[in-house]
Amino acid sequence: MFNAKETAIICIDIQEKLVNMLKNSAEIAQNSTKLMKAAAILEIDTIITEQYPKGLGSTIEEIKNIKNFKTIEKTSFSALQTEEFKNEFEKINAKNVVIFGIETHICVYQTVIDLLEKGYSVYVISDCSSSRADFNHKTALELMKQKGANITTLEIVLFDFLKSSKHPNFKEIQGLIK
C-alpha cells in the first residue's frame, strides 16, 4: 500500500485516435476517466502526456473535462525524455508513481523503465492501460513486473488511496466504481 500524499499519477497518451484503435476502447476510456476523477477528488498531483497530438488527437474529452491537469506534448516514447515533462515531474515530491496509458508496450513501458531506474516505486494500472495487440500489453506488463514495477488494478489503487471507509472522500470514490 502507498500514501496518496507521496504519490504522483502519470496519464500516458489517452488520446482520441489511440483509444479508438483499441479492442477494449470503452473499458480503457471508462477506467482512465474514473482514475482521473479520483485524482481530482483526492487532489493527487497528476500529469497528462500527449504523443504528437497534431497527428493523434488530444486527450479524450472525458478526461479533459475533469480538471485542468497539466498536459505535456511529447514525441519521445518515454515521458522522462521530454524536458518539459521532466521539469514538471521534478516539482512534484513523489516517492510513488501510479502510471497508465496507451500503448502499454511502448510509451508506458519506456516511461516505467526510466522511473524505475531513478528509484521510484512504480504502480502500473493494468486495466487502465492497453495496446493494439493483447499479447504486447501482457508481455509489457510481465517485463515491467520483472524489472520491479508493481502491476495493479484501478480498484486496488483507489482503495489503497482511501485506506478506510472512514476516509472523507470514501463515498465519492466508491461512487466512481459502482
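This is a predicted model: local features need pLDDT of at least 70, side-chain atom pairs count only at pLDDT 80 or more; totals for chains, interfaces and linings use all residues.
Strand β1 spans residues 7–12, and six of its six residues are buried. Thr 7, Ile 9 and Cys 11 point to one side of the strand, while Ala 8, Ile 10 and Ile 12 point to the other. Both sets of side chains are buried.

Strand β1 pairs with two strands. With strand β4 (residues 96–101), β1 runs parallel and is joined by six bridges; within this pairing, Ala 8 stands opposite Val 97. With β2, the pairing is also in the parallel sense and extends over five bridges.

## Thr 46 in strand β2

Strand β2 covers residues 45–51 and includes Thr 46. This threonine has a relative accessibility of 8% and therefore counts as buried, the cut-off being under 20%.

The side chain of Thr 46 reaches the backbone oxygen of Ile 44 at 2.9 Å. Leaving aside residues up to four places away in sequence, Thr 46 touches Ile 9, Met 36, Ala 39, Phe 69 and Lys 70. Of these, Ile 9 belongs to the β1 set that also holds Thr 7 and Cys 11.

## Helices α6 and α7

Helix α6 (residues 104–117) packs against helix α7 (residues 134–147) at an angle of about 5 degrees, and the two axes are 10 Å apart. The helices are therefore roughly parallel, a term applied to angles under 35 degrees.

On the α6 side, the contact is formed by Thr 104, His 105, Val 108, Tyr 109, Val 112, Ile 113 and Leu 116. Helix α7 contributes Asn 136, His 137, Ala 140, Leu 141, Leu 143, Met 144 and Lys 147. By residue class, the α6 and α7 contact comprises nine nonpolar, four polar and one charged.

## Helices α2 and α9

Helix α2 (residues 25–42) and helix α9 (residues 170–177) cross at roughly 170 degrees, with their axes coming within 10 Å. Since angles over 145 degrees count as roughly antiparallel, α2 and α9 are therefore assigned that relation to each other.

The residues of α2 that meet α9 are Lys 34, Lys 37, Ala 38, Ile 41 and Leu 42. Their counterparts in α9 are Glu 172, Ile 173, Leu 176 and Ile 177. The contact of α2 with α9 contains six nonpolar residues, no polar residues and three charged residues.

Methods. Residues are numbered from 1 along each chain as its sequence is written. Side-chain values use heavy atoms; hydrogens and water are left out. Axes are lines fitted to C-alpha atoms, for helices over the stretch in contact, and angles run from 0 to 180 degrees between N-to-C directions. Helices (H or I, at least four residues) and strands (E, at least two) are DSSP runs, numbered from the N terminus. Angles under 35 degrees count as roughly parallel, over 145 as roughly antiparallel, 65 to 115 as roughly perpendicular and the rest as oblique. Contact means heavy atoms within 4.5 Å. Ala, Val, Leu, Ile, Met, Phe, Trp, Tyr, Cys and Pro count as nonpolar, Asp, Glu, Lys and Arg as charged, and the others, Gly among them, as polar. Buried means under 20% relative accessible area, exposed over 50%, partly exposed in between (1.4 Å probe, protein chains only). A polar contact is a pair of N or O atoms within 3.5 Å; within protein, one must be able to donate a hydrogen and the other to accept it, and residues adjacent in sequence count only if both atoms are side-chain atoms. Two strands pair if DSSP finds at least two bridges between them.
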